[in-house]
Amino acid sequence: MNSTRSRTALVVLGATALLTASVTVPQASAAGRTSTVLAWYDATAETVATAGASTQITNSRTWAISWLAAARATRSVHAGVERGAYQEAALAAAVHRALVKLAPSRAEQLDATLKETLDAIPDGPAEDRGVAAGERQADLVLKSREGDGLDPTSVNAPYAVKPAAPGVWQPTPPAYAPAAQYGNRLAEPFLLKTQSQSRLDPPPALDSRRYAADLAEVRAYGAVDSTARSTRQTETATFWLGSSLTLYTEPLRVALSRTDQGIAGQARLVALFHVALVDTQIATSDSKYAYERWRAVTAIRNGTIDPDPDWTPLHTTPAHPDYPSGHNTYSGAAETVLSALVGPRTAPFALTSPTAPGVTRTYTTWKQLSDENVDARVFSGIHTRSADEAGITLGTNVAGYVLRNAGRLLTSH
């Protein structure tokens, strides 16, 4: 781990101690708590998968709003009511209310899940007050995020491409599509004070040794017809090709199912994970469009270092600048939140990928996911390694800030 990530980890651990100390673990059985929390985790995942938006950050927003409401609703309990019943009802009502508002086409399925949850809770003041608290917090969070610029139209706001020049981003083959996600950098963060708060230092200069090494590596290992890339490396590129939100849904579920922090702690884990990822994606687009670094395919085909006009990457290059890698900002943030709130290691868990059918990989640390992501985008021919490593740094920094300032986010309003 580099020194930046080490320093951030120390600060995050301090913030985590404060967060953990402020939560009293409910007395209800762990099995009951996990069952209710995982039922609504799965309901959220299914809602996003079947009725989600076309833009990843909009779907991250759905997760963040729903579970931030749940985290606030379960944080404290009315005196004189049974804690476990209250928190189960509050969590279910909060997530249900938010998801129905954000994905009304799923109302029937969500209503059925809510009925199942509430049928398992004894009728009485704990259930009634929990439902009321959950619905109130959902309404408050939804209201606070109105017009935040994270709808698909705003996310893909028009971007005027600069004239072609060395290092300057241009639309990439084969579609030469307009720039995507420019509007992320204009959206309202959950916790960052400004979209540019975590902006990275500039990418390596075009005439630097580092950039020459980056380009040579991606030219050799990222080409569609590469003879340097191994079968395992090709598999890694394909495994991590899809949406980061999709690929990290199972690791977060694993962490959620294994934590002993109780309902409030579980809700907080999911909320902070997705809040951090929304703010990370905003910060990612800020750095991308601040530096407008051209993609590897453009540099290799049109650059001054032995140009190869026929070079083609293994996988199609996304339509936005190279620096930093969005997949790796996501990984850096996810690793930071999971390591801080549930520990850096876990028992082995299996992971599959929709872009690599039939492949199953096993992990024991969250950092392994990040390390594979760094390599994957190089092997895909999509990013330079410096863009990948900068992505890890940016995601780590944003998530660290979110964890340090989680108290003001989680306080009920």
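How many nonpolar, polar and charged residues does the lining of the largest pocket have? Point 3 gives the reply.

1. Basis of the model. The structure is a predicted model, in which local features need pLDDT of at least 70, side-chain atom pairs count only at pLDDT 80 or more, and totals for chains, interfaces and linings use all residues. Residues are numbered from 1 along each chain as its sequence is written, and side-chain values use heavy atoms, with hydrogens and water left out.

2. Overall form. The protein chain contains 16 helices and 2 strands (DSSP runs numbered from the N terminus: helices are H or I with at least four residues, strands E with at least two). Its C-alpha atoms fill a box of roughly 75 × 40 × 40 Å along the principal axes. The radius of gyration is 22 Å, which agrees with the value near 22 Å for a compact globule of 413 residues (taken over C-alpha atoms; the rule is 2.2 Å times the number of residues to the power 0.38).

3. The largest pocket. The lining of the largest pocket has 12 nonpolar, 21 polar and 3 charged residues (Ala, Val, Leu, Ile, Met, Phe, Trp, Tyr, Cys and Pro count as nonpolar; Asp, Glu, Lys and Arg as charged; the others, Gly among them, as polar). Of these 36 lining residues, Gln56, Gln181, Ser243, Ser244 and His327 lie nearest the centre. A pocket is an open set of points on a 1 Å grid over the protein atoms alone, where a 1.4 Å probe fits, with protein on both sides within 12 Å along at least five of seven lines; lining residues have an atom within 4 Å of a point. The space in this pocket is about 700 Å³ (the volume filled by probe spheres set on the points, which are joined across faces, edges and corners). Helices that each supply at least two lining residues include α3 (56–74), α10 (244–258) and α13 (326–342).

4. Helices α13 and α14. The axes of α13 and α14 (residues 367–379) come within 9 Å and cross at roughly 170° (lines fitted to C-alpha atoms, for helices over the stretch in contact; angles run from 0 to 180 degrees between N-to-C directions). The two helices are therefore roughly antiparallel (over 145 degrees). In α13, His327 and Glu335 are among the residues that meet α14, where Lys367 and Arg377 are among the partners (contact means heavy atoms within 4.5 Å).

5. Backbone details. A cis peptide bond, with omega about 0°, joins tyrosine 323 and proline 324; proline 324 lies in the loop between α12 (296–302) and α13. The bond from proline 173 to proline 174 is also cis, with omega near 5°. Glutamate 292 is not a glycine, yet has a positive phi of about 50°.

Note on methods:
Parallel < 35°, antiparallel > 145°, perpendicular 65-115°, else oblique.
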